[in-house]
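Work through the exercises below with the model in view. Try each task before you read its solution.

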Amino acid sequence: EKTKELLERHNLKQPKAADDPFDEATAIEDIKERHKRTKRNPGSPIYVPIFSDQRARTETGALPATPEGAKEKKRRGKIKSMQLFLRILVNGRALTNPNGRLLEADLVPVMGVGDSSFSFVVKQVVQLAPTSGMPQIVLQLHERGWAF
């Protein structure tokens, strides 16, 4: 009897078929609109949007003298000392320089955006000459200097 009561309560929470009838015309229009926005030719790049936070940040010197403020100052100091670099993989293998060392493109922080920003630029150009087909290129983001 308890099982029956639980099933009845569960079924009351489930949407009924009549609650939201399927509108085929609207669904077709939604699909066509999404197709127009996302259609691309084979081999075309897939663009990923960059999200940015435009809120005003409190400068490090103006943080409150509370435990939370001290934690935030420490976190920002760690971010300042952290160094980021890209490692490029082509068809699953890391690119190397002529000496056989892994090729690492350093990310340089963008100046003038504050001390808590993660804005970086790459100041290195890498040219690839694929020998067969479309190469699979993977960019790996690595960090050094992040000590706990």
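Predicted model: local features only at pLDDT ≥ 70, side-chain atom pairs only at ≥ 80, totals over all residues.

Residues are numbered from 1 along each chain as its sequence is written, and side-chain values use heavy atoms, with hydrogens and water left out.

**Exercise 1. State the order of the elements along the protein chain.**

Step 1. Take the totals. The protein chain has three helices and five strands.
Step 2. Read from the N terminus: α-α-α-β-β-β-β-β.
Step 3. Check the cover. Of the 148 residues, 14% count as buried. Buried means under 20% relative accessible area, exposed over 50%, and partly exposed in between (1.4 Å probe, protein chains only).

**Exercise 2. Compare the reach of helix α3 with the expected span.**

Step 1. Helix α3 covers residues 67–81, 15 residues in all.
Step 2. The expected span is 1.5 Å times one less than the number of residues.
Step 3. From first C-alpha to last, α3 reaches 21 Å, close to the 21 Å expected.
Step 4. Its buried residues are Gly 69, Arg 76, Lys 78 and Ile 79.

**Exercise 3. Which residues join Glu 72 in one salt-bridge network?**

Step 1. A salt bridge puts a side-chain nitrogen of Lys or Arg within 4 Å of a carboxyl oxygen of Asp or Glu. The whole structure holds five.
Step 2. Arg 75 meets Glu 72 at 2.7 Å, N to O. These two lie three residues apart in α3.
Step 3. Arg 75 counts as partly exposed because its relative accessibility is 35%.
Step 4. Arg 76 also meets Glu 72, at 2.8 Å, N to O. They are four residues apart in α3, about one turn of the helix.
Step 5. Arg 76 counts as buried, at 7% relative accessibility.
Step 6. Shared partners join Glu 72, Arg 75 and Arg 76 into one network.
Step 7. Why this spacing? An α-helix has 3.6 residues a turn, so residues three or four places apart point the same way.

**Exercise 4. Find the strands that pair with β1.**

Step 1. Two strands pair if DSSP finds at least two bridges between them.
Step 2. β1 and β5 are antiparallel, with eight bridges. Val 90 has Ile 137 in β5 as its bridge partner.
Step 3. β1 and β2 (residues 93–94) run antiparallel too, joined by two bridges. Here Leu 89 stands opposite Ala 94.
Step 4. Look at the hairpin of β1 and β2. Two residues lie between the strands, and Asn 91 takes a positive phi near 50 degrees.
Step 5. Seven of the eight residues of β1 are buried.

**Exercise 5. Which residues form the largest nonpolar core?**

Step 1. A nonpolar core is a set of buried Ala, Val, Leu, Ile, Met, Phe, Trp, Tyr and Cys residues joined through side-chain atoms within 4.5 Å.
Step 2. The largest has five: Met 82, Leu 84, Leu 86, Ala 105 and Leu 107.

**Exercise 6. Is Leu 95 buried or exposed?**

Step 1. Leu 95 sits in the loop between β2 and β3.
Step 2. Its relative accessibility is 17%, so Leu 95 counts as buried.
Step 3. Val 126 is 31 residues away in sequence but 9.7 Å away in space, C-alpha to C-alpha.
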